[in-house]
Amino acid sequence: MFFQLATSGIATGCAYALIALGFVMIWNTASVVNFAQGEFVVIAMFVALTCHVTLGWPLWMVLPLAVLLPAIVGYATERVVIRPVIGAAEMTIVTVTIGLQIVLSDAAKIIYGGQPYSFPPLIAGKPLSLAGIVVPRQSLVVIASMIVLAIGLHFLSQKTSFGKRLRAVSQDRETAKLMGIDVNRTIAQGFALSAAIAGFAGVLLAPIIYVSAGLGLPLLIKSFIAAIIGGFGSYIGALIGGLLIGVLDNLVGFYISSHYREVFTFLALILVLLFRPQGLFPHHR
Amino acid sequence: MGRLNPLGLAVIIAAIVIPIFLSEYALHLMIMVVIFAILTLSLNLISGYGGLISLGHAGFFLIGSYTSALLSVYQGWPFWLSAPMAILLTATSGLLLGFPALRWSGHFLAVITIAFGSIAQLLSINWVFLTNGIDGVAPILRPYLPGIDLTSNLNYYYFVLICLAFIVYLMIRLVASGFGRALKAIKDDETAAACMGIDVRITKVSAFVISAALAGFAGALYAHYIRFLNPDSFSLDVSIRIFMMMIIGGTGSIAGSILGSFVVYVLPEVLRPLQDYYYLIWGVIVIVVMLFLPGGLISLGSVVRARLAERKDRADQKIVSTEAQP
């Protein structure tokens with residue numbers, strides 16, 4: 001039973017991991033803690049819901065759209081509301097992103113109402129049985145997608161010029177500017193990329209949890225905690241932190257009580273901060 | 001904050017006179033504004049003066065409310081005993097949260113305080129034996145004051161207003177004291193403050209304790225006003241709302257905190273005819289204020305004055321330059 005629960009926890013954890021990854025990316029490039037990150041996930045979920053469930057489009061058409069739209073929204077928000085406050089007091093930036101969160105989540109609520117929607121599994125078929133553990137195909141798809149995406153992102157950041165610009169800006173904005181990098185443009189693109197990752201996570205998550213307009217903030221907090229547990233600023237830390245939160249969530253839900261899920265997530269955060277404040281995989285700047 | 005300007009005096013007179021003519025619903029809003037003003041002032045102490053972000057103030061508010069309510073409903077304690085007990089217990093929880101604040105600041109502290117507020121709310125939902133869970137606690141009696149009937153909302157309004165006045169006075173004294181200046185010095189530069197002989201640890205933890213105690217007091221005032229408590233009233237949204245009140249009004253300003261509470265509490269009610277759109281428009285307003293008035297609404301006067309002076313300056317220069325030409 002333990003492994004069964006852990007496996008299904010990993011599937012949710014993958015989605016948390018990706019959201020945390022995008023969240024950390026914005027922090028690294030722009031020094032902005034983006035409270036609206038969860039809303040990018042919600043946008044993707046509703047795009048997928050409308051196109052796939054309501055209009056009946058196939059998934060291969062829906063997925064690019066569900067990734068592209070949050071990316072556009074991410075790019076636009078950076079240009080319009082984030083850029084003027086970059087470098088301002090941390091409280092000002094936090095307030096702006098909270099304002100953004102309110103606007104985006106309420107827009108979703110106006111369009112789709114407050115009720116939850118169910119989303120069909122990404123892949124049909126009977127669950128597979130691996131060494132006595134029953135694994136739904138859905139979970140395998142999610143895990144495989146996350147691995148592919150993580151490798152792709154690693155390649156992007158190490159080999160392409162965009163990735164190198166992104167890393168240069170996150171290491172030292174001033175020096176990056178001196179090297180002829182358009183810092184503002186890079187930050188905006190970083191926003192778009194992280195929103196796109198969040199969008200991808202949204203599509204993966206949609207069949208696992210019910211889609212609703214109020215999901216953004218809880219998802220953000222989960223991924224925020226995942227990022228801190230992993231070591232804030234570290235990409236690998238964000239991924240592993242997300243997986244841990246997903247597994248912990250499931251185990252607590254079964255062995256203790258589903259009412260105490262969040263409590264244990266927060267306790268994990270507090271324990272990590274007390275005994276290993278740099279996180280499990282410390283980030284070196 | 002030394003002397004009272006005419007505008008401040010006008011606001012005080014309005015706060016005393018106008019409620020007499022208000023409807024029952026508007027009076028309810030005013031009482032809530034005053035209670036939230038106390039909460040915002042308490043947050044302002046740690047965030048505005050101390051520079052520590054807290055998104056868990058609803059947690060203190062909850063502990064204060066529930067302590068006073070449970071003692072009065074199940075133990076029969078009068079308000080005058082249960083409220084101090086609420087203050088004591090929230091101050092203790094402030095002590096607990098003050099220690100993490102020594103080590104972390106910025107967004108780390110933000111998420112720690114979110115965790116604190118959320119744990120408090122989740123426990124109040126799940127510890128049914130203590131809090132009666134989502135069914136809530138009722139009926140909580142209004143405080144008893146000989147000769148004055150506090151079950152009348154108008155009288156209760158004046159009661160909370162006097163409490164607010166007392167806390168404002170306390171704040172003014174606190175900010176001007178050595179403690180207040182030490183707190184501001186730490187916000188500006190922690191190392192420099194420590195070099196000047198300020199005990200950073202004690203100052204930060206005391207700020208948290210005082211802030212929590214005030215929020216607990218606001219909680220007691222709320223519980224005995226609303227007379228029915230339910231965990232719903234203490235969600236993360238409430239913490240964010242208190243944070244917004246401080247920021248929108250003007251961080252680090254007493255008048256700003258009160259103005260912020262008024263605007264943030266009353267504006268959604270004014271926008272209510274817009275129905276579904278009001279929260280969205282509220283979010284836009286928050287962003288616009290931050291982009292154009294990062295010092296909050298309270299800085300509006302000085303910003304406008306600075307702009308006018310600048311324009312006048314430029315106009316003067318133009319006159320000088322045209323006169324200089326023969």
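Predicted model: local features only at pLDDT ≥ 70, side-chain atom pairs only at ≥ 80, totals over all residues.
## A partly exposed isoleucine

A:I181 counts as partly exposed because 18 C-beta neighbours sit inside 10 Å; a buried residue would need 20 or more. You'll find A:I181 in the loop between helix 7 (173-178) and helix 8 (183-205) of chain A.

Who does A:I181 touch? Leaving out residues up to four places away in sequence, A:I181 touches A:R165, A:A168, A:V169, A:A176 and A:T186. Take A:R165 from that list: A:I181 and A:R165 are 16 residues apart along the chain, and their C-alpha atoms are separated by 6.8 Å.

## The nonpolar core

Now for the largest nonpolar core, which has 190 residues.

Inside the core, A:A17 and A:A44 have the most contacts. If you skip neighbours within four places in sequence, A:A17 is in contact with A:M146, A:A226, A:A238, A:L239, A:G242 and A:L243.

## Where the two chains meet

Next, look at where chain A meets chain B: 33 residues of chain A are in contact with 32 residues of chain B. On the chain A side, the elements giving two or more residues are helix 4 (90-112), helix 9 (216-230) and helix 11 (261-275). Helix 4 of chain A provides the largest share, 14 residues.

What classes of residue make up the side of chain A that touches chain B? That side has 26 nonpolar, 4 polar and 3 charged residues.

Terms used:
Residues numbered from 1 in each chain as written. Chains lettered and ligands numbered in written order. Contact = placed C-beta atoms within 7 Å. Helix = DSSP H or I, 4+ residues; strand = E, 2+ residues; numbered from the N terminus. Nonpolar A, V, L, I, M, F, W, Y, C, P; charged D, E, K, R; others polar. Buried ≥ 20, exposed ≤ 12 C-beta atoms within 10 Å, placed from the backbone. Core = buried A, V, L, I, M, F, W, Y, C linked by C-beta atoms within 7 Å.
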